[in-house]
Amino acid sequence: MQLAEERRQAIVEAVEREGRVLAVELARSLDTSEDTIRRDLRDLDAAGLLRRVHGGAVRLRREASFSERAEADMARKGQLAQGLRECIRPGDTVLIDAGSTHLALARQLEDGCAAAIVTNSPQIAMALGHFRRTRIVLLGGTYHPDAGATVGAATLLEVQRLRADLALVGVCGLDPARGLAAANPEEAALKAAMLAGSARRVVAVLNERLEDGAAFVFGALADLDHLVLEADASPEAVQRLRSANPALDIKFSGKAKA
């Protein structure tokens with residue numbers, strides 16, 4: 001009979017090797033019940049050895065810096081950005097959260113696409129710095145280089161005073177049950193304020209962020225008006241999102257070219 005410690009070590013090794021594992025497959029390969037595997041995953045998550053997600057677990061990963069994210073998966077982010085662009089109306093005051101997908105959007109926007117664009121990302125503000133018909137506003141605060149954003153009490157206060165027509169908010173993880181989540185509490189508080197102060201709210205999510213369990217929840221699916229997903233997003237994940245919020249408008253980006 002396999003000892004519990006041996007079984008859990010095998011689970012950790014499988015997660016490190018594969019990146020993502022399913023509870024049902026682990027139960028089959030380790031000749032035990034799914035309930036036992038779920039308890040193992042819960043304990044291993046608590047020990048910081050993996051991260052539980054719906055149906056299984058994923059490898060813990062270091063959150064990439066903003067400069068690293070800005071150069072990764074550019075074609076995919078460009079496709080998502082096109083879906084976000086469709087949500088912007090002339091005359092809007094648009095609040096754009098920091099993030100590499102939103103930087104890809106900024107590079108696609110034309111002067112006059114909105115009345116004003118407000119952002120906590122210096123990189124996004126610089127990408128739009130040549131605009132004359134659209135006013136560009138950079139939020140103050142403490143600059144966080146890994147996030148590529150201004151954060152903290154000063155930034156939060158400015159967002160709370162703002163009433164935007166549209167907010168484009170980034171997420172580190174989106175789970176149908178838990179909702180929208182960020183990697184740290186300061187970012188989560190700021191993102192929650194962005195949602196609360198805007199008439200329309202949109203999130204774009206790369207496939208790997210779907211059903212990922214970032215630590216700090218800042219909103220629910222019901223808070224969103226539109227969700228932009230990649231064209232090849234998992235049908236099962238999409239169905240869970242639709243079941244969790246049937247009223248949510250889900251848009252799909254075009255297929256990114258290899």
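In this predicted model, seven strands come together in an open sheet with parallel pairing. Reading across the sheet, the strand order is S6-S5-S4-S9-S12-S14-S15. S6 and strand S15 (249–252) lie at the edges and have a single partner strand each, so one side of each is left without a neighbour in the sheet. On average, and with direction ignored, neighbouring strands of this sheet are turned by 20 degrees against each other. As a reminder for readers new to such arrangements, the strands of a sheet pair through backbone hydrogen bonds, either parallel or antiparallel.

The end of the sheet that holds S6 can be followed pair by pair. Strand S4 (residues 93–96) is paired with S5 in the parallel sense, over 4 bridges, and Leu95 has Val118 in S5 as its bridge partner. Strand S5 (residues 116–119) is in turn joined by 4 bridges to strand S6 (residues 135–138), and these two strands run parallel. Here Ile117 is found opposite Ile136 in S6. Helix H7 (residues 122–127) belongs to this region as well: together with S5 and S6, H7 makes a right-handed β-α-β unit.

Turning to the helices, two packed pairs can be described. Helix H1 (residues 4–18) packs with helix H3 (residues 34–46) at an angle of about 70 degrees, the axes being 10 Å apart. Angles of 65 to 115 degrees count as roughly perpendicular, and H1 and H3 are therefore roughly perpendicular to each other. On the H1 side, the contact is made by Arg7, Arg8, Ile11 and Val12; H3 brings in Thr36, Ile37, Asp40, Leu41, Asp43 and Leu44. The residues of this contact of H1 with H3 divide into 5 nonpolar, 1 polar and 4 charged.

The second pair consists of helix H8 (residues 153–160) and helix H9 (residues 185–196), whose axes come within 9 Å and cross at roughly 10 degrees. Since angles under 35 degrees count as roughly parallel, H8 and H9 are therefore described as roughly parallel to each other. Thr155, Leu156, Val159 and Gln160 of H8 make the contact with Ala189, Leu190, Ala193 and Met194 of H9. The contact of H8 with H9 has 6 nonpolar residues, 2 polar and no charged.

For the protein chain as a whole, there are 10 helices and 15 strands. The radius of gyration is 20 Å, close to the 18 Å that the globule rule gives for 258 residues, so the chain is as compact as a globular protein of that length. Taken along the principal axes, the C-alpha atoms fill a box of roughly 70 × 35 × 35 Å.

Methods
Residues numbered from 1 in each chain as written. Predicted model: local features only at pLDDT ≥ 70, side-chain atom pairs only at ≥ 80, totals over all residues. Heavy atoms only, no water. Pairing = 2+ DSSP bridges. Right-handed = clockwise from strand over helix to strand, strands pointing away. Axes fitted to C-alpha atoms, helices over the stretch in contact; angles between N-to-C directions. Parallel < 35°, antiparallel > 145°, perpendicular 65-115°, else oblique. Contact = heavy atoms within 4.5 Å. Nonpolar A, V, L, I, M, F, W, Y, C, P; charged D, E, K, R; others polar. Rg over C-alpha atoms; globule rule 2.2 N^0.38 Å.
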